[in-house]
Amino acid sequence: MPVTTATLDVPGAAVTYDVHAPTESPGSPQRPLFIIGSPMGAQGFTTLVGHFPDRTVVTYDPPGMNRSTVAEHAHPDPMSRGAALHAIAQAVGQGPYDLFASSGGAVDGLAWIQQFPDDVATAVLHEPPLAPVLPDGDVVAAVMDDIHHTYEAHGFGAGMAKFFAVSMAQGEIPADFLDRPAPDPAQFGLPTQDDGRRGDPLLGINMRTMQHWVPALAAVRAARTRVVPAYGEDSGEGMAARAARALAAELDVEAAPFPGDHSGFSGGEYGPAGKPEQFAATLRALLG
């Protein structure tokens, strides 16, 4: 797909985005489609983008990821990333848009809709790690705080090991989770020594602010956007899948099952491939 790339200055960041032009005739008018994640950038959605050759597709790197930078002393959060997505949408100028948003990007998508409800027609929010909608949300938020503090104090391996441990947990996170021994980074193939680097987009940015953002769900309900929380059929009772179903209950809509797990859309861009063909077919059917 022919791609145009641009960089846009927004408060606290400079974000780089790609506009993939359609290569096939859609047959009937199709809304342009944003495909986003956080911290995952545009490269992680290469396979999924390829399944929509009949649409204009917009991808981007969130602040601090790959080609997008963060200003000194800035701390991007869902609201600022939602505003950045609005700025990109305005710059592209083809709205209203459909949206597929994965993981932290699904939280940012919710913040986008909350602030700019006319931008998005249909939003599929896949496995948002949205602590405030969960019954164990206070524990989840405390665990995410601890991951960030561990990263800042001890580096990537120690922080990421704790992230993997909570990501693998099934069901509600027990109240004594933080009292348990810290996982060994080596068991996950992670470095055991601190290399001194900081600013990782997951551990240093998302784990600093995302868990404390409380969405204005009344504003989301009032928006014209059709919001579809979604979860992976293979994700079980993982935190992000539980949050998708809890968000659906809060919005009084049905949560949509998708093939695979948290990265079911992946074609192997980072690690094992998911079920991208089935995933894309499910997404296409939901977007209509």
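Colleague: Which element gives the largest share of the lining of the largest pocket?

Modeller: Good place to start! H5 does, with 7 residues. Keep in mind that this is a predicted model. The largest pocket has a volume of about 1300 Å³, and of the 45 residues that line the pocket, Ser 103, Phe 163, Ser 167, His 262 and Ser 263 are the closest to its centre. Lining residues are those with an atom within 4 Å of a pocket point. H4, H5, H6 and helix H8 (239-251) each give two or more residues to that lining.

Colleague: How do you know that the reach of helix H5 is close to what is expected?

Modeller: Helix H5 covers residues 156-168, which makes 13 residues. The expected span is 1.5 Å times one less than the number of residues, and for H5 that comes to 18 Å. From its first C-alpha to its last, H5 reaches 18 Å, so the value is close to the expected one.

Colleague: Which residues of H5 are buried, and what do they pack against?

Modeller: Gly 157, Gly 159, Met 160, Ala 161, Lys 162, Phe 163 and Val 166 are buried. They pack against helix H4 (137-154) and helix H6 (201-209).

Colleague: What makes H6 largely enclosed by the rest of the structure?

Modeller: Buried means under 20% relative accessible area, and 8 of the 9 residues of H6 are buried, so the helix is largely enclosed. Those buried residues are Pro 201, Leu 202, Leu 203, Gly 204, Ile 205, Asn 206, Met 207 and Thr 209. Their cover includes strand E5 (69-70), helix H2 (78-92), H4 and H5.

Colleague: Why is the pair Arg 55 and Asp 98 called a salt bridge?

Modeller: The cut-off is 4 Å between a side-chain nitrogen of Lys or Arg and a carboxyl oxygen of Asp or Glu. In this pair the N to O distance is 2.9 Å, so the two side chains meet in a salt bridge. The pair links distant parts of the chain, 43 residues apart: Arg 55 sits in the loop between helix H1 (46-50) and strand E4 (57-60), and Asp 98 in strand E6 (residues 97-102). Both Arg 55 and Asp 98 are buried. By this rule the model has 15 salt bridges.

Colleague: How do you know whether Arg 198 is buried, partly exposed or exposed?

Modeller: Arg 198 has a relative accessible area of 31%, so it is partly exposed. Its salt-bridge partner is Asp 194, with the closest N and O atoms 2.7 Å apart. Asp 194, at 37%, is partly exposed too.

Colleague: And what makes Arg 197 buried or exposed?

Modeller: Exposed means over 50%, and Arg 197 has 62% relative accessibility, so it counts as exposed. Arg 197 forms a salt bridge with Asp 195 (2.9 Å, N to O), and Asp 195 is partly exposed at 45%.

Colleague: Which residues touch the most other members of the largest nonpolar core?

Modeller: In this core of 57 residues, they are Phe 34, Ile 88, Leu 99, Leu 110, Leu 125 and Leu 130. Helix H3 (residues 104-115) gives the most to the core, with 6 residues. A second, separate core of 19 residues includes Ile 35, Phe 45, Ala 230 and Phe 265. In soluble globular proteins, nonpolar side chains tend to be buried together.

Colleague: What makes the phi of His 73 worth a remark?

Modeller: Most residues other than glycine have a negative phi, and most peptide bonds are trans. His 73 has a positive phi near 70° without being a glycine. His 73 is in the loop between E5 and H2, and with a relative accessible area of 70% it is exposed. Asp 252 also has a positive phi, of about 60°. Asp 252 lies in the loop between H8 and E9 and is exposed, at 72%.

Colleague: Where is there a cis peptide bond?

Modeller: One joins Ser 38 and Pro 39, with omega about 10°; Pro 39 is in the loop between strand E3 (33-36) and H1. The bond from Gly 95 to Pro 96 is cis as well, with omega near 5°, and Pro 96 lies in the loop between H2 and E6.

Methods: Residues are numbered from 1 along each chain as its sequence is written. This is a predicted model: local features need pLDDT of at least 70, side-chain atom pairs count only at pLDDT 80 or more; totals for chains, interfaces and linings use all residues. Side-chain values use heavy atoms; hydrogens and water are left out. Helices (H or I, at least four residues) and strands (E, at least two) are DSSP runs, numbered from the N terminus. Buried means under 20% relative accessible area, exposed over 50%, partly exposed in between (1.4 Å probe, protein chains only). A nonpolar core is a set of buried Ala, Val, Leu, Ile, Met, Phe, Trp, Tyr and Cys residues joined through side-chain atoms within 4.5 Å. Contact means heavy atoms within 4.5 Å. On a 1 Å grid over the protein atoms alone, a cavity is a set of points where a 1.4 Å probe fits but cannot get out, and a pocket is an open set with protein on both sides within 12 Å along at least five of seven lines; lining residues have an atom within 4 Å of a point. Grid points are joined across faces, edges and corners, and a volume is the space filled by probe spheres set on the points.
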